Amino acid sequence: MSRYRIPGMGRVDPAKPVSFTFDGKPYTGLRGDTVASALLSHGVHLMGRSFKYHRPRGPVTAGSEEPNALIGTSRGPGRFEPNTRATVQELREGLQAESQNKFPSLKFDIGAVNDRAYMLFSAGFYYKTFMWPRSFWDKVYEPFIRAAAGLGKSPTEVDPDTYAHRNLHTDVLVVGGGAAGIQAALVAAKSGARVVLVDENPEMGGSLLSDPAVRIDGRGSWAWLAEQLSQLRAAGVTLMTRTTAIGYYHQNFVGLVERVTDHLDQPPSGAPRERMWHVRAGQVILAQGALEKPLVFDGNDRPGVMLAGAAQTYLNRYGVKVGDNAAVVTSHDSAWYAAFDLVDAGARVSAIADTRDHVRTDLVDAARKRGIEVLTSHTATATYGRLRVKAVRVNPVRHGQVGAGRKIACDVLLISGGWTPSLHLFSHTKGSLSWDAESRTFLPNHKTEACQIAGAGRGLWGYGPALEDGARAGLAAVEALGRTSEPLAARVEGDRPGTGAIQTELPTDRSAGKAKAFVDYQNDVTAKDIRLAVREGMRSIEHVKRYTTNGMATDQGKMSNINGLMIAADALGKEPPQVGLTTFRPPYTPTSFGAFAGYHKGATFELTRKTPIDPWAEANGAVFEPVSLWRRAWYFPKGTEDMHAAVARECRATRASAGMFDASTLGKIEVAGPDATEFMNRMYTNPWTKLAPGRCRYGLLLGEDGFIRDDGVIGRLSQDLFHVTTTTGGAARVLNMMEDYLQTEWPDLNVWLTSTTEQWATVAVNGPNARKVIAPLVEGLDLSDETFPHMSVAECTVAGLPARLFRISFTGELGFEINVPSRHGLALWKAIHQAGQPYDICPYGTETMHVLRAEKGYIIVGQDTDGTVTPQDAGLDWAVGKAKKDFVGKRSLQRPDIVAPNRKQLVGLLTEDGTKLEEGAQIVLDPNQTLPMTMAGHVTSSYDSTALGRPIAMAVITGGHGRMGETVHIPMPNGTVKATITSTNFYDPEGERLKA
Amino acid sequence: MLLIHCPYCDETLPEAEFAYAGEAHISRPADPMALSDEEWRDFLFIRTNARGPHYERWRHIHGCGRFFNALRDTVSDRFLTTYKAGEERPAEAKLEAAE
Amino acid sequence: MQRFSAMSLLKNALSGHKNWREQWPDSQPKAEYDVVIVGAGGHGLGAAYYLAKEHGITNVAVIDKGWLGGGNTGRNTTIIRSNYLYDESARLYDHALDLWENLSQELNYNVMYSKRGVMMLAHNVHDVQSFQRHIHANRLNGVDNRWLSKEEAKAFCPPLNISPDARYPVMGAALQMRAGTARHDAVAWGYARAAAARGVDIIQNCPVIAIRRGPDGAVQGVDTAKGFIKAKKVAVSAAGHTSVVMDSAGVRMPLESFPLQALVSEPVKPIFPCVVMSNTVHAYISQSDKGELVIGSGTDQYTSYSQRGGLPLIEHTVAAICEVFPIFNRMRMLRKWGGIVDVTPDRSAIVGKTPVKGLYVNCGWGTGGFKATPGAAHTLAWTVAKDEPHPINAPFTLERFTTGRLIDEAAAAAVAH
């Protein structure tokens, strides 16, 4: 048994030792310990160093609000995490813990030199210096500051663990498994409602776990607790421990994070490390209790200085005596009880110094009976000791005057500045707080969500009131849900409610400027810093916080916000509510990134859409590219071919004989109904009335702002049915836009819209031999140019599959696009590939598709247009139905800037020296300008054209359509390239090949 | 994540099923070509951007697919009501009184 | 103004820091000012400073409904860059960058402008095309921006995952070396202090009820919670609340206000040397001097003034960060917060005159307002002082929404096809 463990006390299991290491040194604790309680059982208080001054620090709390005892924890490769709270991390076999922010060692840390230069590092000092010489900021000052900052080290390896996300719907969610929360859950459950009770600790009970002496309904509190929990289970309440409610969002949406494996010796394989629960609750009951505040005085941060309530928890819950010889400085009754518990467990408490003039006589008597010296009207003015407190200096205060100090030897100093309700989750909802002048605390006031607040969380102290209020809250919650339940009464004996005085920093007889009275332990913010901030004009608590960093440490102000506010308010001579309380923000406690990311990592970061033909492409060595959510075959290299060689081969093969392309990703929408033509006329720029069934037309879609949004070939299958194709990335947008107009602007039109993108697999066959390739597979259709000319569509059978066959071309070659039901896509592809073998048919990918279309000057929306391009700009004026009275975007084409001369227009570019231009390269008319140059446009597409034996490019250029044949200049880093403006139709301008 | 009542499905469902679609009751003019540039700008771009009750459109995109209207308080993000497209806009005052 | 320096810090340290004076007084409104600026963020305070310093107009009040710097100035991810595509944008943001470089010295307040480089990741062919277009345009505009291969990107930012097996593999990156971050609060405080030293009144906790116009339509002043304040010129620089303020003057705006969230991790020792942005996966990250990873999220889909924002967006943002930087999976989020960003239809700002005589507006900065702070403030001051556009803010008019002469940075980034 370790030196400070008290046999027979606590909820740890003495029969189950657990070994772990701290800074490489082996220790043994017990099952049920936290790292902090186990180290304390060996008398180790020094667990960390502070942020700025590198002051030695030990745990000041026993819970998730801990600012000091932060450690690095690891369990093998990739499983290291910094800044773990030793007061929360449960002991597990083999746990490796290390201290942080120290060099070379925790006991001797060079960074502690900062502590000596304390006077220089006042609040906001960095705003006032490091400005000269200017260049030193980047090279000297900032690197120095950065290296000094930070706490632990970042992980450097990829995390092998998984994280889960789950949804949970419940009638009532109770946050906090203490006395109030348990009663609330029980009352709620008795109504028949679904109830979930969560608590961040490994077991339910809250402060009851630290208070075994109190008796409820005639039983010891732990027995009562066990009975209530079994009742809750029996009532079907879901009990979730190690589960933190991290954030309270709109309409009772609460995020919970459950820590699943960090406490286990051997996590079961496949178990997620943590699980994020998305809870939607009918009613939320916040029973989060209250947090104890430190007292602010010089040296209140030394290892061994600890909240009285924490010492009580270590004693009663973990069976650990935090020291042999304690002293107490308090302004609240609760610390007296902690002292009594320590004495009763065999420790010595030499003195209780209380800041108040009057303390309840029963407390004073009880203290004296235990041999504790009682010092009322006292302040603490210093502590002594380097790595562990050795003594505290206390002074009497009479009529505001601080008298002579006296040293009291101690190896732990218990402090208490009273308690403040835990308002965090309530604040997430933007609920308002009210200032209770009597108790001098903030309490929840106006609620914005369907929630109840119970117990100490709304300023009720003691188990009696907490139990009663919990029952009330449970009843209120279910009644709000239209249910009924029975109130629940409990009889409490030995309750130890207390009162206290609220303090700023404690009065001192020493120079206030020299006092290191810490408000925010971790960030080393002192009372003096807060007063300095106020002196410098920081009048709101938000300014004080940001100027001093008070409340911005990893405890997020749980220890420091109220003390900081009291001091700032005092400095300003205002009441605290006039200075304000900084907003508490999610998460309640620091939460793993992995828990937020959940399943969204690696291959499942976002879903990957694949076509039915994708497996063939993969098997045949395709290189893929991501296009919106799709992965598309980019090119099909053979042997050692690089992309350039593969694309050149694919282009040659297609123009020479035949190529095949998986076009399944193209968006497809069926526009059907008696008013389909009218709808199409209103949506697209083109006229549709005269398009005969069985014919196709290139369609252009604008936004209402007149700029090109999408395009695609549209086939008319019958009088009232259009098969619309869209760009791959535009499919969902276009359908949404169509639905918007149809539903909200033109509900009179009798039209149905159906996305058929995933219903059809599409194979494009292009090349002079395209017809020969597919003809043997086609039934029920004469493919001759006469009966099925370019821009035709028909339903037929291809390779025995029902098909919609288009004769269209995005390459300038004779082309067909065959749509078959998706489940047959792969079969169709294979059949065509087979049929094409006599013609050396070449499967090609998106890159070849891009080259072939560029050779013909066909645009790609999003590449050759960028959302600022009109049909006229793109040279697509011919696609605009001028006679139509209206269509989406038409009015915008009349706006002054749209009809102004010298808009950027899409043209072709051929370089004079035959170099291939870079896509995105900028074009100037005068190459001899100095920077900044006046740019006339940019290259939108650029490829090596095998068909033309030279590179080609498309570009938008100011007034481009009027500049045919002119020379423009493309200044590149290594010299200016000259190019001639041409038509974009580079290859077969007469379009003879389409008619093949 | 907001909870939204779809007036077509008559169900209250999580925001993930819905797509926001901007301010409501901005009708496309019957004859855009008759509008001045300023009037057309107002239709295209000018928005109330209300701080408080805001008439707005949502689409139940992963449900019935219908566009509908809502009155939502942009300060609290609370929905005061939702109603079908084409219905009269409900009065704010009445809904707030009903709160 | 009490001068800040290493010497003054040392001197004050020796006297127990008792002699520091307030950095700006807590002013109460006078009856009349030459100029009233609505909104005491970096933009508004900066405009007041430049009005006083460069135009000799010191009878200026900056009024705010809350505390100065309490809006988006104090709620952003502090990224500063100027590698925008369009000439108009590049000039404006580069003008700001020029001012950023000397701002600490100019204001005698260390705003910690840190030129650590901003790297934008390309994850697909479309990104590559888009970034190349930016780089070439920036080069000819004299704006620093260059292309990095994915290996160079990894060398510049070692935590980066460049595995080809990633869902969105990194194909390369655009790097602006001159770009970086600054300490956001210090910008507001530095401008406030310097403006106040030149006679500007900073009036906090004073909500504007309405902008008052005279019978001739011209601005007469503002009605506030502290009474009427007379002014012939009023400049509105109220970010997310601009629509509401402008509406009181009868000017309806092409703006929508969206919640924008950001978050920080627990602080760790230096691990992340630069700023990285990825538009494709929606992730923006840097590491503060304090050691926290500072991470920006996208906007929620609906307009809101609640400063809340939802959990799913945060989950997506963190997932995106872990996708690009998988070593951060076990880091912990410390806090997240929300701001309200005012967004224009073309995602570019509006800076300049309005149809109302004496009324000026600076708004629509969307998610990019912080980086523009000195540039926006500087040119706004010019426009207010001279009642005419500054050559740099001239394209950013309200009229462009009538003429169609948009500066469409969002469209220019286009979309995957």
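User: Where in chain A is A:Phe103 placed?
Analyst: First, the basis: this is a predicted model, where local features need pLDDT of at least 70, side-chain atom pairs count only at pLDDT 80 or more, and totals for chains, interfaces and linings use all residues. Side-chain values use heavy atoms, without hydrogens and water; residues are numbered from 1 along each chain as its sequence is written, with chains lettered from A and ligands numbered from 1 in the order written. Helices (H or I, at least four residues) and strands (E, at least two) are DSSP runs, numbered from the N terminus. A:Phe103 sits in the loop between β7 (95-98) and α2 (113-116).

User: Is A:Phe103 buried or exposed?
Analyst: Buried means under 20% relative accessible area, exposed over 50%, partly exposed in between (1.4 Å probe, protein chains only). A:Phe103 has 58% relative accessibility, so this residue counts as exposed.

User: Which helix holds A:Ala339, and is the residue buried or exposed?
Analyst: The relative accessible area of A:Ala339 is 0%, so the residue is buried. Its place in chain A is residues 334-344, helix α7.

User: Which residues does A:Ala339 touch, not counting those up to four places away in sequence?
Analyst: Contact means heavy atoms within 4.5 Å. With that sequence exclusion, A:Ala339 touches A:Val328, A:Val349, A:Ile352 and A:Ile372.

User: How many Å apart in space are A:Ala339 and A:Arg370, C-alpha to C-alpha?
Analyst: In sequence, 31 residues separate the pair. In space, the C-alpha to C-alpha distance between A:Ala339 and A:Arg370 is 9.4 Å.

User: Is C:Ser27 buried or exposed?
Analyst: C:Ser27 lies in the loop between α1 (6-14) and β1 (32-38) of chain C. Its relative accessibility is 10%, so C:Ser27 counts as buried.
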